[in-house]
Structure formats: C-alpha cells, structure tokens
Amino acid sequence: MLWILAMVSIAESKSPNVVLIMADDLGYHDLSCYGHNSIKTPVIDQLAKEGVRLTSFYSGSTICTPSRMALLTGSYPSRLGWSKGVIGYIMKKGQGMSQGALTMAEIFKEQGYRTGIFGKWHLGDESQFLPHQQGFEESFYINKSNNQTKKLWRRDEIAKDPFDNRRLTEEFTNEAVSFIKTHKNNPFFLYVPYSAPHFPVEAHPDWKGKSEYGSYGDVVEEMDFRIGKILHTLKAEGIEKNTIVVFLSDNGPEPLTKESKATPLRGKKWSALEGGNRVPCIVCFPGKIPQGSESEALIAAIDLLPTLLHACGIDLGALRGGQDLIDGMNLWKFLTGEVNGAMPRKDFLYWHGSKGFQAIRMGEWKLFLNRGDAGMKGKGPALFNLKEDITESEDLSKMFPDKVRSMHETAKKRLASIQANSIPLGNSPADK
C-alpha cells in the first residue's frame, strides 16, 4: 500500500518524461534540417522548429560502443576502461560496460521512473551486461550492430532468430509506442537507439524506392516517419507538453556507406576529425526550450545525463556512488535561455576509434597532437580554428605556438585526471 501511494505521489508531481532517440551512423549532413537536399525528414525538421537545433554537438565517441557508454553515463569512455573498438570487433570477447558505471536508466529507475530500451544495445552481450542489468525494466533489442548478429532479444530471451533487418525500425517503434501507452500515467525514461541507418542499408518493403536518394534515403526517411509515430503517441496521450525529446546520432557516417555524408565536415566514423564526432542533435521541451532556436555552442553527449537529470528535478550530487566519474556538465539553463553568455563547457577531448586520444577542442580552437592524425604530412601538431575553418584544412600551429602549448598542457591535465579516476571494463567470469 505504501508503495502504491509513493507511485501515485510521483505521478502527481508531474516529473517530465524523457524520450531519448538515437540514430546509428547518421552523418551531420543526412537530415534536411542540417542541409541535405535530397533526403526529406519533415518530422525531425519540425522537432527542430519546436526546440533547439545544436550545430556544434559531439557524440560520445567516433564509434558505437563507447558512444553509448558516454551517452548513458555522462563519462568519457576511457574513464570506464574503454581503449579501442566495439563489442564484437577489436574489443576482447567477454568485455562490456562495467556494472560499476552508473547509467541514466539506473538513476531514473531509482527515482520512480519506468525505464525501457527498444533498439540497439551494443554495451555487452554477456548476461551481466544486458539492459536489464543496467537499469532498463523493459527491453527489446539487438545486442550488437545489425551486421554482427541476427538475434533479436526481449530481456534475456531470444525473441526472433533471425530478425528481418528491413523491419527493425518499425518493430522498435511499435515497442516504444506500446511502452508510452502503458506508462503514460507515470514518469518514464524511454531510450530508442535505432539500428538505422547502419549498414547493411536495407529499405523496408513499404519504403523501398520512395526517397530521391536510393536505399540510404529510404531508410532515413522511414526512420523519420517512425519517429513521427512516437511523437504522435505523446500528443495523443496528452503528455507531449510534459516530455523532453532528444534526437541525436551515435557518431559520424560509416566510411563504407558512401551515401552518408558529414558535409561540410572532414572525416567519418572512427576518425577524430569533426565528421567522426560532430553529429545532429535536437532537444525539445514545449514551454521550456525556445522554439526554433539554434546554438553553435560546444555541447557533448556526456552533458545530456546531468542536463536531463536537472530538468527532471533529480539532484545528481545526492545520488549513490559513481557520480565522481561524470565528465558531463549541466547545461539546462543555457538550452532554455535562462542564462546568456559563455557556455560552461570550455573543452572537449577526441579519441580515434582504435588509435587512442588524438585531439582537444578549446573554444573555437582544435589541436591535433600529431598532424598525421589530421591527414596532414610532416611532423608536429596541427591547430585549426573551427569557427573560420570548419573543414580543418588550414594548420595554424606555426602562427600560434603559445596556444598549441597551452592546449597541449590542458589535454595532459585532462588525461591525467581520467587515468587517476577511472574504472576497468567489465569482464565476464570466463574471460577474466
């Protein structure tokens, strides 16, 4: 009886719901609201008109597994023991995100939220690394990328083997819609990490040939339509005004998928160049975030955990252990326009997907410690002014040696801090 009263109290407090939608390998240029002329994404475009479109937003990493670690924990992946690769490729068999990492789902669940994931997990495929071990009460997912597995899971049981890759976006959406309808009277955290448009790029039968941009366009436009189904459900259930919706991509476009673009950025997935890390991101909360706003401020996926928790009235500092690992910053007042002026995030670190740390951004400046990592000949660093040179083409390191030294020193301090306060990756007992 006391438990029921507690749940009623939570519902009556009208804590905001959170819907976190993530595309897989969607490039910076792959939405019409980010400049694509052939792919039509009216739903996401409308979401941008109703919220804020971020133009200098960085995903958690340049590849899938560490990107998801960063998003769900607010930590640089290296602080959680990651060094290179993804589950099922380069990373050792039996590894996964440590249970010592405090996830967004665990926090929301502890605060009385219903939690669900419907999409791609990719944080570990051993039993102790599955979604329900990391705070998700309901789950319907593939445990790796759609080119690495044919199994579709519900909690820890196989739901389909093999799945139909063409229909995954539809199936994940149907599960998300059902979750919303079931939990509309309670605060909920809904995470929808689509497997699209990760390769193999295969259009749904009803969407094949519908776009002006081949199969890739078909897949992206279907995803846009399915997101519309989720947003329509929020509205139909009368909870859209009390729901924060975030849309982003996990990293830059897959190099093998030639149709996917990061224009005007250089580089793609795996690379520490802007195209590998800078991705679309839109945040919408009716009545709180100014409609049709844009921001070129430096914001990262690691900032979403502290920002969303603050927006939902959750005190991060009062939570159980783990918050000392968080690198993200609470930027809610800047997204809502309550505070003007300089953003609190002053710098951001970049890792290559398999070659380690490579660069740091401070304000409008970005420094590669090794110019070869920036695709340039010779030895020494490479310095770019991203405000004037978004393509990272003109090295200014010789003109600004003091800036190179100061940025290098800041990078060393940040890396030393991470090394001094980190946890190892999780390992299954058989692989320890």
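This note sets out points on the fold of a predicted model.

1. Basis. Residues are numbered from 1 along each chain as its sequence is written, and side-chain values use heavy atoms, with hydrogens and water left out. As the model is predicted, local features need pLDDT of at least 70 and side-chain atom pairs count only at pLDDT 80 or more, while totals for chains, interfaces and linings use all residues.

2. Overall form. The protein chain has 10 helices and 18 strands (DSSP runs: helices H or I of at least four residues, strands E of at least two, numbered from the N terminus). Its C-alpha atoms fill a box of roughly 70 × 50 × 50 Å along the principal axes. Of its 432 residues, 59% count as buried (under 20% relative accessible area, 1.4 Å probe, protein chains only).

3. Sheet. An open sheet of mixed pairing holds 10 strands in the order β8-β7-β6-β5-β9-β1-β10-β11-β2-β12; strands pair if DSSP finds at least two bridges between them. The edge strands, β8 (157–160) and β12 (293–295), each pair on one side only.

4. Strands β5 and β9. Parallel strands β5 (residues 114–120) and β9 (residues 188–193) are joined by 4 bridges. Within β9, Tyr191 stands opposite Ile117.

5. Gln134. This residue is found in the loop between β5 and β6. Gln134 counts as buried because its relative accessibility is 1%. Leaving aside neighbours within four places in sequence, Gln134 is in contact (heavy atoms within 4.5 Å) with residues including Met97, Trp121 and Phe129.

Terms used:
Buried means under 20% relative accessible area, exposed over 50%, partly exposed in between (1.4 Å probe, protein chains only).
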